[in-house]
Amino acid sequence: MEKEIEWDYSLNKGPESWINLCDDYHQACTKYMQSPIALAKSKITNNLTQDALEIEYECDDFQIQWSKHTFHFIPKSKNNKVYFDGKYFYLDDIHFHIPSEHSLENAVYPIEFHFVHHSQENEPLVIAVLFKKIVGNEELLQIEESCTTINWDLRKKSLRLNPKVFIPQLVNYYAYYGSYTTPPCIGDVHWIVFSTVSSLFSRTILKLMKEKGWTSNNRPIQKQEQKKIWHT
C-alpha cells in the first residue's frame with residue numbers, strides 16, 4: 001500500500017512547500033488555475049442569474065471526523081444536492097478553514113466553510129461561505145441541538161443538521177473554475193463563493209477553535225489565471 005504523503009500548514013510542510021513533497025503534488029499544485037483567489041466586483045467578466053444555482057438541502061445525519069487538519073461533516077445519505085450548469089451535484093463533505101481562503105474586495109474573514117459536491121460523473125463543485133464573526137454568547141447556550149442550529153455535544157461523533165443554516169438569505173455569489181485548496185490541489189473544480197458575508201452562530205465551533213488553539217489552516221491566495229469570473 002502506497003504511503004500517504006504528510007502535509008500540513010507549517011513552514012516545513014505547509015502551502016509553500018507542498019510542491020516539494022512529491023511529484024504528484026508538484027504537478028497538481030502548479031497546474032493552471034489554482035484556488036483560492038482574490039474575488040472582487042472589478043474582476044467580474046460575466047453575469048449569472050441567481051436561479052442558475054438551486055440549493056436543495058434538508059435535515060440529515062452527519063458523521064463528524066477530524067481529518068486533514070480540520071473537522072469534516074460527512075453526510076450519511078445523498079439527499080442533499082445542488083443544481084448547477086445543467087446537472088445535479090451531491091453533497092459529500094462539509095469542512096472549514098481558518099481564516100478564510102478566498103478574499104472578497106481584499107478583505108479576509110475569520111472562517112470559511114466549504115461544501116464539497118460531486119456529480120454522477122464525479123465532477124467536483126465546492127460552495128464557499130465566509131463569515132465575518134463567530135458568535136457563541138450565553139444566549140446560545142440555551143439553544144438545544146436541532147437541524148436549524150450548528151451546536152452539538154462534542155462527545156458525540158454524529159449530528160443532525162440542515163446545511164441550509166450556513167447559506168446566506170441573500171443569494172449573491174461568484175462562480176469560477178479552479179482547484180482544490182489542499183494537496184494534491186487537483187483542478188477542474190466548479191467554485192461557487194457567496195459574496196454575502198454574515199455572522200456564524202455556533203458556540204460549539206467557537207469552543208473547538210479555542211480548544212484546538214488554531215492559528216490557521218488555510219492556503220494563501222493564488223495568482224489569478226482564470227479568464228472568466230461570473231457573478232449574480
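Student: How many residues in the lining of the largest pocket are nonpolar, polar or charged?

Tutor: Start with the sorting rule: Ala, Val, Leu, Ile, Met, Phe, Trp, Tyr, Cys and Pro count as nonpolar, Asp, Glu, Lys and Arg as charged, and the others, Gly among them, as polar. By that rule, the lining here has ten nonpolar, eight polar and two charged residues. Keep in mind that this is a predicted model, in which local features need pLDDT of at least 70 and side-chain atom pairs count only at pLDDT 80 or more, while totals for chains, interfaces and linings use all residues. Residues are numbered from 1 along each chain as its sequence is written, and side-chain values use heavy atoms, leaving out hydrogens and water.

Student: Which residues lie nearest the centre of the largest pocket?

Tutor: Rolling a probe the size of a water molecule over the atoms shows where empty space is left. A pocket is an open set of points on a 1 Å grid over the protein atoms alone, where a 1.4 Å probe fits and protein lies on both sides within 12 Å along at least five of seven lines; lining residues have an atom within 4 Å of a point. Of the 20 lining residues, Lys68, His95, Val116, Tyr180 and Thr182 lie nearest the centre. The space in this pocket is about 390 Å³, a volume filled by probe spheres set on the points, with points joined across faces, edges and corners.

Student: Which strands each supply at least two residues of that lining?

Tutor: Helices (H or I, at least four residues) and strands (E, at least two) are DSSP runs, numbered from the N terminus. The chain has two helices and 15 strands, and β5 (70–75), β7 (87–97) and β9 (111–118) each supply at least two lining residues.

Student: Is Ser103 buried or exposed?

Tutor: Ser103 counts as buried because its relative accessibility is 5%. This residue sits in strand β8 (residues 103–104). Contact means heavy atoms within 4.5 Å; beyond its neighbours within four places in sequence, Ser103 touches Ile37, Ala38, Leu39, Val108 and Ile221.

Student: What is phi of Glu105 and of Asn106?

Tutor: Phi is near 50° for Glu105, a positive value in a residue other than glycine, and near 70° for Asn106, again positive. Glu105 is partly exposed, at 44%, whereas Asn106 is exposed, at 74%.

Student: Where are cis peptide bonds found?

Tutor: One joins Ser35 and Pro36, with omega about 5°; Pro36 is in the loop between α1 (23–29) and β1 (38–39). Another joins Ile98 and Pro99, with omega about -15°, and Pro99 is in the loop between β7 and β8.

Terms used: Buried < 20%, exposed > 50% of the residue type's maximum accessible area, 1.4 Å probe, protein only.
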